[in-house]
Amino acid sequence: MVTLASDPSTSLAEEQQVTSALLLLLQQEQGKLIEASIVGLPELIQAKAEAVTRLTILTRARHALLAVAGFTASESGMRDWVAAQQPADTRWTTLLALGAEAREMNRINGMLIGRHMMRNQTELNILQGKTQRNNLYGADGQSTGMGRGRGLAVG
């Protein structure tokens with residue numbers, strides 16, 4: 001029998017809680033990114049970092065308990081440990097589903113951030129005069145691109 005002190009599942013409820021909180025933060029971040037609003041974004045980023053730090057601590061503790069119980073100190077070791085339990089512990093599969101949802105939300109948020117960065121870079125290039133002028137036309141309908149340069153003097 002596994003004692004509570006060496007039971008790798010002891011932190012699963014807290015891991016679920018922290019992962020759910022992280023997922024909520026990611027949803028809030030996504031809302032801010034879609035709105036292009038930076039109000040409150042630094043606080044969200046800080047809260048996300050704290051949640052990830054807490055999850056890392058909990059995961060390392062669970063891995064250590066897995067090793068003590070004779071399983072590999074990894075996610076595959078946790079799958080093996082859960083498979084050996086009777087009745088099966090559904091908290092692990094719930095945590096995996098929450099984690100997958102959080103990873104996908106984070107991926108989407110990264111894409112939104114990338115789009116904002118590209119738009120900002122384009123706008124900076126325009127402001128700095130770094131546009132491709134060969135795509136622009138003057139009032140006379142002539143390309144303003146390559147510059148007119150100096151003409152050749154004849155004769």
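This is a predicted model: local features need pLDDT of at least 70, side-chain atom pairs count only at pLDDT 80 or more; totals for chains, interfaces and linings use all residues.
**Overall fold.** Read from the N terminus, the order is α-α-α-α. I then checked burial: 29% of the 155 residues come out as buried. I also looked at contacts with a separation of 6 or more, and 57% of them join residues 24 or more positions apart.

**α1 against α2.** Next I took α1 (residues 12-35) and α2 (residues 41-68), whose axes lie 9 Å apart at an angle of about 155°. Angles over 145 degrees count as roughly antiparallel, so that is what I call this pair. The crossing of α1 past α2 is left-handed.

**Who touches whom.** On the α1 side I noted L12, V18, L22, L25 and L26 among the contact residues, along with E14, E15 and K32. Facing them from α2 are residues including L41, L44, I45, V52, L55 and L58, plus K48, R54 and R62. Sorted by class, this contact has 13 nonpolar, three polar and seven charged residues.

**α2 by itself.** I checked the length of α2: its 28 residues should span 40 Å at 1.5 Å a residue, and the end C-alpha atoms are 41 Å apart, which agrees. Then I listed its buried residues, which include L41, L44, A51, L55, L58, L65 and L66. K48, T59, R62 and H63 are buried too. What do the buried residues of α2 pack against? I found α1, α3 (75-84) and α4 (91-127).

**After α2.** Last, I looked past the end of α2 and found G70, with a positive phi near 90°.

Notes
Residues are numbered from 1 along each chain as its sequence is written. Side-chain values use heavy atoms; hydrogens and water are left out. Axes are lines fitted to C-alpha atoms, for helices over the stretch in contact, and angles run from 0 to 180 degrees between N-to-C directions. Helices (H or I, at least four residues) and strands (E, at least two) are DSSP runs, numbered from the N terminus. Angles under 35 degrees count as roughly parallel, over 145 as roughly antiparallel, 65 to 115 as roughly perpendicular and the rest as oblique. A crossing is left-handed if the near helix is turned anticlockwise from the far one by less than a right angle, and right-handed if clockwise. Contact means heavy atoms within 4.5 Å. Ala, Val, Leu, Ile, Met, Phe, Trp, Tyr, Cys and Pro count as nonpolar, Asp, Glu, Lys and Arg as charged, and the others, Gly among them, as polar. The expected span of a helix is 1.5 Å times one less than its number of residues. Buried means under 20% relative accessible area, exposed over 50%, partly exposed in between (1.4 Å probe, protein chains only).
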